[in-house]
Amino acid sequence: MKHSPLSVFARWMAWAACLFSLALGLGHAWAQERTPIRLIVPYGAGGPIDATARLLAEKVKDSLGPIIIDNKPGAGGNLGVDLVAKASPDGRTLGIAAVATHAINPWLFARMPYDAERDFAPITQWVRVPNVLVMNAETAKRLGIRRLADLISYARAHPGRLNFGSGGNGSAGHLAGEMLKKEAQFFAVHIPYNGGNPAQLALLSGQVDYNIDNLATAAANIQSGKLIPLAVTTAMRSPLLPQVPTLNETLPGLVIDTWWGLVAPAGTPQDVVQKLHQAFAAALNDSDTKTRFAQWMAEPTPSSPAQFSQFMAAERQRYEAVVKQSGAKVD
């Protein structure tokens, strides 16, 4: 059967219109997919959490599109994390969950703007950073303290004679110090400072005797000999300080990690969570990422969403007792 030139032309036009509509639809979907993702970092720019966020954002841009880092510090991290909790669960707003915001603050603050357990969809843990028990080198020499057992013996024999500093009441350094005191059964005076830098300066000047700080912060002063490392707080010895024992070699079971990872608002569809997880897990397993993290004294720790959820729940349970025992509270 022959068709008139007019009918053939009409069919061709209909076919072309269909293709054009399909192309428009695909183009629109691609444009939506490439809408920048907002990654809220609940701490200031320049710190280790911010640095890892910027590195990983660059690593995943080919698979997820551009990611804009939005630093929202304040209220111990609560301000920025609350913005994530209240964002639309469409995968376009993500945030950082850290030991402070998701394990310590729920027990430290009298009123919380978010529920650390229910308001988030875990995606993956990002990193673990060793903490290290460091002592002022001159103080250690004067008191004859060369290892953790010496510190414990001295503190037991001289209750309240030693003191330790931290970045403030309820800070990770303060609570780590309280854990050490409880497990080692000695008493030392806690001196809170307004932030980690003043606490470190107080240690270097001899105003306090020891601190528990993250290795990235303490490393330069350990290398210069100003601080003596007595123990790292991770379960295994750090390859960065292989000669320094862990706390749990002397006090079995005492492990204190600084960690953070990635979350989305609760209700984010599972397929979106999985897509985000796959992209960031691949970035964390990249050899260049491992090299860069090592420069920051950090270890990539990719985990499944379920594993990260279980890990954070266990950390919340552990810090509940520690915070209550310390008596620290923020009204």
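The legends below describe several close-up views of a predicted model.

**Basis of the views.** This is a predicted model in which local features need a pLDDT of at least 70 and side-chain atom pairs count only at pLDDT 80 or more, while totals for chains, interfaces and linings use all residues. Residues are numbered from 1 along each chain as its sequence is written, and side-chain values use heavy atoms, with hydrogens and water left out.

**View 1. The whole chain and its confidence.** The protein has 331 residues, of which 48% count as buried (under 20% relative accessible area, with exposed over 50% and partly exposed in between, for a 1.4 Å probe and protein chains only). Its secondary structure comes to 14 helices and 10 strands, taken as DSSP runs numbered from the N terminus (H or I of at least four residues for helices, E of at least two for strands).

**View 2. The largest pocket.** A pocket is here an open set of points, on a 1 Å grid over the protein atoms alone, where a 1.4 Å probe fits and protein lies on both sides within 12 Å along at least five of seven lines; lining residues have an atom within 4 Å of a point. The largest pocket has a volume of about 1200 Å³, a volume being the space filled by probe spheres set on the points, which are joined across faces, edges and corners. Its lining has 50 residues, and Gly-167, Ser-171, Ala-172, Gly-196 and Asn-214 lie nearest its centre.

**View 3. The second largest pocket.** This pocket holds about 310 Å³ of space. Of its 17 lining residues, Arg-128, Pro-130, Ser-238, Pro-239 and Glu-299 are the closest to its centre, and the elements that give two or more residues to the lining are strand S4 (120-136), helix H13 (287-295) and strand S10 (299-300).

View 4. In soluble globular proteins, nonpolar side chains tend to be buried together. Leaving aside residues up to four places away in sequence, Tyr-319 touches residues including Val-99, Trp-107, Leu-175 and Ile-256.

**View 5. Helix H7 and its surroundings.** In helix H7 (residues 148-157), the buried residues are Leu-148, Asp-150, Leu-151, Ile-152, Tyr-154 and Ala-155. These buried residues pack against several elements, among them S4, helix H6 (137-143) and helix H8 (172-184).

**View 6. Asn-105 and Ala-75.** Asn-105 lies in helix H5 (residues 99-108) and counts as buried, at 3% relative accessibility. Among the residues that Asn-105 touches are Ala-75, Gly-76 and Tyr-114. Ala-75, in the loop between strand S2 (67-71) and helix H4 (78-85), is partly exposed at 46% relative accessibility and has a positive phi of about 55° although it is not a glycine.

Terms used. Contact means heavy atoms within 4.5 Å.
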